[in-house]
Structures are given as C-alpha cells and as structure tokens.
Amino acid sequence: WAGLSLTPSPCSGVGLALCQRLLEEDGRIHLCIACRNVQKSEATRDLILATHPAAQVSTVEMDLGSLASILRAARELRCRFQRLDFVFLNAGIMPNPHVNFKALWHGLLTGKLLHMLTTAEGIMTQTDRLNGDGLQEVFATNLFGHFVLVRQLQSLLCGNEKPSRLIWTSSSNARESAFSLSDYQHARGQESYSSSKYATDLTSVVLNRKFNTQGLYSSVVCPGLVMTNMTYRILPIFLWKLLMPIMLLIRFFAKTYTLTPYNGAEAHVWLFKQKPECLDALVKYHSCTSGLGRCYVEPRKMDVDEDTAEKFYQKLLELEEQTLEKYHDLLD
C-alpha cells in the first residue's frame, strides 16, 4: 500500500492519530506525510518511527493554500510513486473564529442548544482573506487546493490493479445554507469554513460519478468535535479545560463529541478497511463516541443536490484552468 496523508500541522490532532492508527492496521503501508511546514512533518515522522520503527514513512512539503506548492509537490509525488492507494485529504483552516454568544443564549431559550453545539450552526463565524493566488484563503486551502492536487495525481490514482481511495475530512458544520454557487468561494459571507466543507461534500459526490469506472472512489468523513489546535483557537485553553467535564457529560447525548484525535480518526480508519464498491457515495461517515467512550462509525445521508454538485464541479474546472495559466512551467 502507498498512502498520502495531508494535514497542515501533523504533530498533533487527527493527522498524527490517523498516521499512527493506519500503521497499527497495516504495518506494510508506505505512509507519505504532506505538510506545509517541513520541520513539523519531520517531527511527526520521528514520532511515528519511535512507536513503529520498521514503518516506511516519508514526507513531502506542500502548502494547500499555494498552487505553486501543490504543483511542485505533485510533480515530486509522481516521480516517487507508481500509484497511490489512499489519499487522506485532511488539511483545513478556520482563521479568526468568533463565537456568537447571543445565538447560544437564543438556542438555549428555544431548545436548539444541543443541535447548535453539535453542528456549530449559527454560532461560529470566521473572517476570511485573499491568498497569494487571489483566492479566498479558506476555500483555497480546505477545498480547491485538494481538488487541484487530486487532478495532478490522477495518473497515480486511476487505472490501477486495485481501486484507489480519496477520503475527505468534512464536518457536521457543512451546511447548504452557507454555500452559494454564485459565491462558491464565500467572499461575501462569514461562514467560510461551513461553505468549504459543504463544497467538499459536493466535490466527492461528483468525483465518484466521474471516476468510479476508472477505479477511483471518494468518501467523506466527519471526525466530530475534536480538541486540536484549530479548536483551541476558538476559546482560550483554560476555558476549554473548565468546559471539559461538561463536554464529557454532553457526549451521553451528542455522540459526535469524539474529543480526542484518536477517536476523531475512527471513521478514517474504518473506511481504510472497507471495500469501496460497497460504500454509498451519498453518505458521510461520522466518527462517534458513546458516553462511556466506545468508538464507532455512523453513516448519515448527505444533504446534497447532485445537479448543484455537477454545476459546482464545472466551476472548479473553469477556475483550475484560469488559475493554473501562470504556472505552465510547473505543469507536465
């Protein structure tokens, strides 16, 4: 097996837990860690080798928010590998998150608080900005960068003896109400993270329609609420520590409160062991944890319109053509 795991900061969080758990499942896998920070990816490699000294672990520098970086990394991967069996598309950012405490209070009064706490609907906003390629940063990093990478790695993913797999990390915060085809980069809204994750769901649906016949299958997972560096930026760490006993209690009612990176990677690892032909392309696989700490996976139908998905895919192809024009020297 040859597997590629993408994560912006793999020294902690779901990225590291996923790498460790994959090697526990199959020590023969060649694991390649893609990260924008070389030092962090090397540190992750050392951590993994400390517990799995016989493992094959390599790294590649890649910033999902930079098209030039993606194209250079893809070229390097095409030189290194003849095929990729799995690509875990796990990188994501949520810049400048803000909690709407007024909305939380309203949720408490209207009986919608548990729903809001499990989906962040109506209580989380972000401030986005343009990146160096002139794209909205959250859209570029969370979705478009992955899309361009998959397109660049198509020769390693399609037409192999065994099926190849794309496993996207989405979110329970992926909502149709935050997404618009006319503003798919979410330049005019304040829920860019939710929009990018809904766009992820749409993209996965279309990729299955386009590439299943070529042996490439796409799945979407939700890791649940996991305490990672991204989460800790929403509220001060000391406040999270005060809230932890309450969160453990909420887990008896909200099974997506996975809390630990190990638990959050449950759906990723479960999909690693499944036959892709038997999976439903319109289902999102949620990592869940019971109140007593038992991990399991719950499939849930995605709220996606397949016609919208097809139209969005065409917009992605058009944007790819426009944005890659200036990088012809990095294209084969």
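These legends accompany several close-up views of a predicted model.

Figure 1. Let's start with the overall picture before zooming in. Of the 332 residues in the protein, 57% count as buried. The protein exposes about 14800 Å², and carbon and sulfur atoms supply 54% of that area. Among contacts between residues at least 6 apart in sequence, 74% join residues at least 24 apart.

**Figure 2. The largest nonpolar core, a set of 54 residues.** Which members touch the most others in this core? They are M62, F139, F144, L153, L157, L166 and F312. Helix α6 (residues 137-152) supplies the largest share of the core, eight residues. Apart from this core lies another, of 27 residues, which includes V14, L49, A55 and V297. As general background, nonpolar side chains in soluble globular proteins tend to be buried together.

**Figure 3. Helix α6 and its bend at F144.** The bend in α6 comes to about 40 degrees. Is this helix mostly covered or mostly open? It is mostly covered, with 15 of the 16 residues of α6 buried.

**Figure 4. An aromatic cluster built from F139, F144, F147, F179, Y184, Y198, F312 and Y313.** Ring pairs link these residues together, and the count for the structure comes to 10 aromatic pairs. One of them joins Y184 and F312 in an edge-to-face arrangement, 5.8 Å from centre to centre and with 65 degrees between the planes. Y184 sits in the loop between β7 (164-169) and α8 while F312 belongs to helix α13, so this pair ties together parts that are 128 residues apart in sequence. Both partners are covered: Y184 is buried at 16% relative accessibility, and F312 is buried at 0%.

**Figure 5. A salt-bridge network of R209, K210, E306 and E310.** Within this view, the side chains of R209 and E310 meet in a salt bridge, with 3.0 Å from N to O. How many residues apart are the two partners in the chain? They are 101 residues apart, R209 in helix α8 (residues 192-211) and E310 in helix α13 (residues 306-323). R209 counts as partly exposed, at 41% relative accessibility. In general terms, side chains of opposite charge can pair when their charged atoms come close.

**Figure 6. Two further salt bridges, R83 with D85 and D280 with K301.** The structure holds 16 salt bridges, and this view shows a pair of them in detail. In the bridge between R83 and D85, the closest N and O atoms are 3.0 Å apart. Is D85 buried or exposed? D85 counts as buried because its relative accessibility is 1%, whereas R83 is partly exposed at 38%. In the other bridge, the side chains of D280 and K301 meet at 2.8 Å, N to O. This pair links distant parts of the chain, 21 residues apart: D280 in the loop between α12 (266-272) and β9 (283-289), and K301 in strand β10 (residues 295-301). D280 is partly exposed, with 31% relative accessibility, and K301 is exposed, with a relative accessible area of 58%.

Note on methods: Residues are numbered from 1 along each chain as its sequence is written. This is a predicted model: local features need pLDDT of at least 70, side-chain atom pairs count only at pLDDT 80 or more; totals for chains, interfaces and linings use all residues. Side-chain values use heavy atoms; hydrogens and water are left out. A nonpolar core is a set of buried Ala, Val, Leu, Ile, Met, Phe, Trp, Tyr and Cys residues joined through side-chain atoms within 4.5 Å. Buried means under 20% relative accessible area, exposed over 50%, partly exposed in between (1.4 Å probe, protein chains only). Helices (H or I, at least four residues) and strands (E, at least two) are DSSP runs, numbered from the N terminus. Contact means heavy atoms within 4.5 Å. Accessible areas come from the Shrake-Rupley method with a 1.4 Å probe; for residues, only the protein chains shown count as cover. A salt bridge is a side-chain nitrogen of Lys or Arg within 4 Å of a carboxyl oxygen of Asp or Glu. The bend at a residue is the angle between axes fitted to the seven residues ending there and the seven starting there. Rings of Phe, Tyr and Trp (its six-membered ring) pair if their centres lie within 6.5 Å; planes under 30 degrees apart count as stacked, over 60 as edge-to-face and the rest as tilted.
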